[in-house]
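This report covers one protein chain. Look over the sequence and the fold before reading on.

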Amino acid sequence: LMKTLPWIKKDVSLKNYNTFRIGGKAKYFTKISSKDKLIKTLHWAEENSLPIFILGNGSNILFSDRKYHGIVIKIENNKIKKINKKTIVVGAGMMLMELLQKFLNKGFKDLEWANGIPATVGGAVFCNAGSFGHDFGKFVKKVRTIDLETCKEKIYSQKDCKFQYRCSIFQKNKETIWEVEIFIKKGDKAKIKEKAKSYWQYKLKKGLFKYPSAGSIFKNIFAKDIPSKHRKGATIKKGKISTGWLIEKCNLKGKRYGGAMISDFHANVIINIKNAKAKDVLYLINLCKRKVYKKFKIKLKEEIIVIHY
């Protein structure tokens, strides 16, 4: 192998770079905040035939316990590039919470629901993150990406992004999200702050911040896909039924395996209670799938990204 670039580290544990606090080591690891360094790193990886994994804050990821024999590039360009009349342009490495803070300070509304989501803006675009019936995709005007193979830049409009429930075109493309232009709307500062606080309090009360997790494991289910006899007692919100409700109906709340547990505050959240391994979490994921299928004839789909290598 050629000499590594000075900003690339070797044999770095991925445990500290995802909210589950799970995972083996990466053979190579680097944090990137400049386009110049990103392009040099991509060339270096190509010359050494290394697979590339692009990482945000790792809040929607389950890494394998095994070693990753490639390079993990953590995107950290986190500055505001520009504030226009109707939009704000930010680096993809900015934390969603930091963006929300900027919204609160400037009196921009409608992002309050994002309070407590430990994702980067790039990650939120990648998986069209959301909660409480909201999706990040509808705030996106444009996305600037860098192709991992050609290093060329490309600009996507909101329509090009093909946003769907927890889904975008970027999950199929070999590129990294680099910059995002986001719509802004003025509102009443005091009301916005109050609303954002209430979302935080709700999660705090639920105990969502007590243990490492990746938030919801599975996508919620469209109510129309569930036979009406199975829907008795379920709450339907925006056409969807909470997968947590289905899992709870299978008596799986609080079920433990190894160091992982189906949380007792929300059955769609698996928590790392004691040095859990990826295999512990996967066991519980598969258990939920089996039981829910047996009882409701519904196939659960992961919302988190499970990395196998």
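## Strand 7 and its partners

Strand 7 and strand 10 pair in the antiparallel sense over five bridges. Here two strands count as paired if DSSP finds at least two bridges between them. Helices (H or I, at least four residues) and strands (E, at least two) are DSSP runs, numbered from the N terminus. Val90 has Val180 as its bridge partner in strand 10.

The model is predicted: local features need pLDDT of at least 70, side-chain atom pairs count only at pLDDT 80 or more, and totals for chains, interfaces and linings use all residues. Residues are numbered from 1 along each chain as its sequence is written, and side-chain values use heavy atoms, with hydrogens and water left out.

Strand 7 covers residues 87-91, and five of its five residues are buried. Buried means under 20% relative accessible area, exposed over 50%, and partly exposed in between (1.4 Å probe, protein chains only). Thr87, Val89 and Gly91 point one way from the strand. Ile88 and Val90 point the other way. Both sets are buried.

Strand 6 (residues 80-83) runs antiparallel to strand 7, joined by three bridges. The two form a hairpin with three residues between them. Ile83 is bridged to Ile88 of strand 7.

## Strand 2 and its partners

Strands of a sheet pair through backbone hydrogen bonds, either parallel or antiparallel. Strand 2 shows both senses. With strand 1 (residues 9-13) the pairing is antiparallel, over four bridges. Lys10 has Tyr28 as its bridge partner in strand 2. With strand 5 the pairing is parallel, over six bridges. There Phe29 stands opposite Val72.

## Helix 1

Helix 1 has 13 residues (residues 35-47). At 1.5 Å a residue it should span 18 Å, and its end C-alpha atoms are 18 Å apart, which agrees. The expected span is 1.5 Å times one less than the number of residues. The buried residues of helix 1 are Leu38, Thr41, Leu42, Trp44 and Ala45. They cover an arc of only 165° around the axis, so they sit on the same side of helix 1. That arc is taken from the directions from the helix axis to the C-beta atoms. Glu46 and Glu47, on the other side, are exposed.

What do the buried residues of helix 1 pack against? Their partners are strand 2 (25-32), strand 3 (52-55), strand 5 (68-75), strand 8 (140-147) and strand 10 (175-183). Contact means heavy atoms within 4.5 Å. Ser49 follows the helix, with a positive phi near 50°.

Two bridges join strand 11 to strand 17 (residues 269-272). Ser213 stands opposite Ile271 in that pair. Gly258 lies in the loop between strand 15 and strand 16 (260-262). Gly258 is partly exposed, with a relative accessible area of 48%. From Gly258 to Leu96 is 162 residues in sequence and 32 Å in space, C-alpha to C-alpha.

Another open sheet has three strands in the order 12-14-13, again with antiparallel pairing. Strand 12 (221-222) and strand 13 (236-237) stand at the edges with a single partner strand each, so one side of each is left without a neighbour in the sheet. Strand 13 pairs with strand 14 (residues 240-241) over two bridges. Ile236 stands opposite Ile241.

## Cysteines

How many disulfides does a search of the whole structure find? It finds zero. A disulfide is a pair of cysteine sulfur atoms within 2.5 Å. For Cys167, the nearest cysteine sulfur is that of Cys127, 9.7 Å away. Cys167 is buried, with a relative accessible area of 16%. Cys151 is buried too, at 13%.

## The whole chain

The protein chain has six helices and 18 strands. Its radius of gyration is 20 Å, close to the 19 Å that the globule rule gives for 309 residues, so the chain is as compact as a globular protein of that length. The radius is taken over C-alpha atoms, and the globule rule is 2.2 Å times the number of residues to the power 0.38.

The C-alpha trace spans about 60 × 50 × 30 Å along its principal axes. Buried residues make up 49% of the 309. Among contacts between residues at least 6 apart in sequence, 62% join residues at least 24 apart.
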